[in-house]
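Here is a short report on one model. Look over the sequence and the fold first.

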Amino acid sequence: MARSATRLTPAVLDANLELWRAGARCWSSELHTFLACLGPAHTSALGSRQSLNDGDITAALCEQYDLTWSNLGDPRTPTTAHRPLATYKHWFWAEDKLHEERRTYLHTAAVPHRIALRVANFRFGHQCLRVNQRYTNENLPFASRTCSRCTSGAIDDAAHLLFECTGAALPHVRTRFGALLTPIPTHSDAAGQLQFISNTDNQASMAFFISDCMRAAQP
Ligand SMILES: [Zn+2]
């Protein structure tokens, strides 16, 4: 910006501020929207022509990021607002030690790129699960996003597909991945089961298990 600024730059910026004050959509209005979402301390920055402090903005962004990830509800609660994020946080979050000391399924040579992509999509809320139908054109009410592969009437979410569903040959898939699944403590709830396999040392097996369950659900 500084390198390409000319003597006209201040005038252009002033004109853009005037456009914003007049209610037009412009750079200044977009910058104001961004600053306003960072909190009250930044809302008036543009109007009062305060200089912007990179450090303050970075700290506000980090605070907002932490707040978002700390206030996510249970993935199985009907009122949870950001279900894909909540699902990722509570069920698929890999512990830090996984990134520091081991290779995840994304960087394991035994996992083909297309499988890694499928698994990554699944962890972030794949539309093969009816629980994610809200994010498609169907927009089903939560209570109607039930599994159509079995007769349990359960919500079709990631835990149901991987561990509970008795339809679509899924029990056979689980049998084939006994070495991955048997060590899961028997008293584990859905979160415990998913966290266990998300943090497994055998990341390739976890990736193939999820991919095979998806394939069984969507032949
Ligand atoms: Zn089912």
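## Domains

What distance separates the centres of domain 1 and domain 2, taken over C-alpha atoms? The centres are 40 Å apart. Domain 1 covers 9–70 and domain 2 covers 83–217, with bounds from an automatic or database domain assignment.

This is a predicted model, in which local features need pLDDT of at least 70, side-chain atom pairs count only at pLDDT 80 or more, and totals for chains, interfaces and linings use all residues. Residues are numbered from 1 along each chain as its sequence is written.

Helices are DSSP runs (H or I, at least four residues), numbered from the N terminus. H1 spans residues 9–21.

H1 packs on H2 (residues 27–37) at about 70 degrees, with axes 7 Å apart. Axes are lines fitted to C-alpha atoms over the stretch in contact, and angles run from 0 to 180 degrees between N-to-C directions. The pair is therefore roughly perpendicular (65 to 115 degrees). Asn-16, Leu-17, Leu-19 and Trp-20 of H1 meet Trp-27, Ser-28, Ser-29 and His-32 of H2 (C-beta atoms, placed from the backbone, within 7 Å).

## Helix H11

Leu-194, Ile-197 and Ser-198 are buried in H11 (residues 190–198); buried means 20 or more other C-beta atoms within 10 Å of a residue's own. These residues cover an arc of only 105 degrees around the axis, so they sit on the same side of H11. The arc is taken from the directions from helix axis to C-beta atoms.

The buried residues of H11 pack against H5 (83–92), H8 (158–164), H10 (178–181) and H12 (203–217).

Terms used: Helices (H or I, at least four residues) and strands (E, at least two) are DSSP runs, numbered from the N terminus. The expected span of a helix is 1.5 Å times one less than its number of residues. A residue is buried if 20 or more other C-beta atoms lie within 10 Å of its own, exposed if 12 or fewer, and partly exposed in between; C-beta atoms are placed from the backbone. Two residues are in contact if their C-beta atoms, placed from the backbone, lie within 7 Å. Angles under 35 degrees count as roughly parallel, over 145 as roughly antiparallel, 65 to 115 as roughly perpendicular and the rest as oblique.
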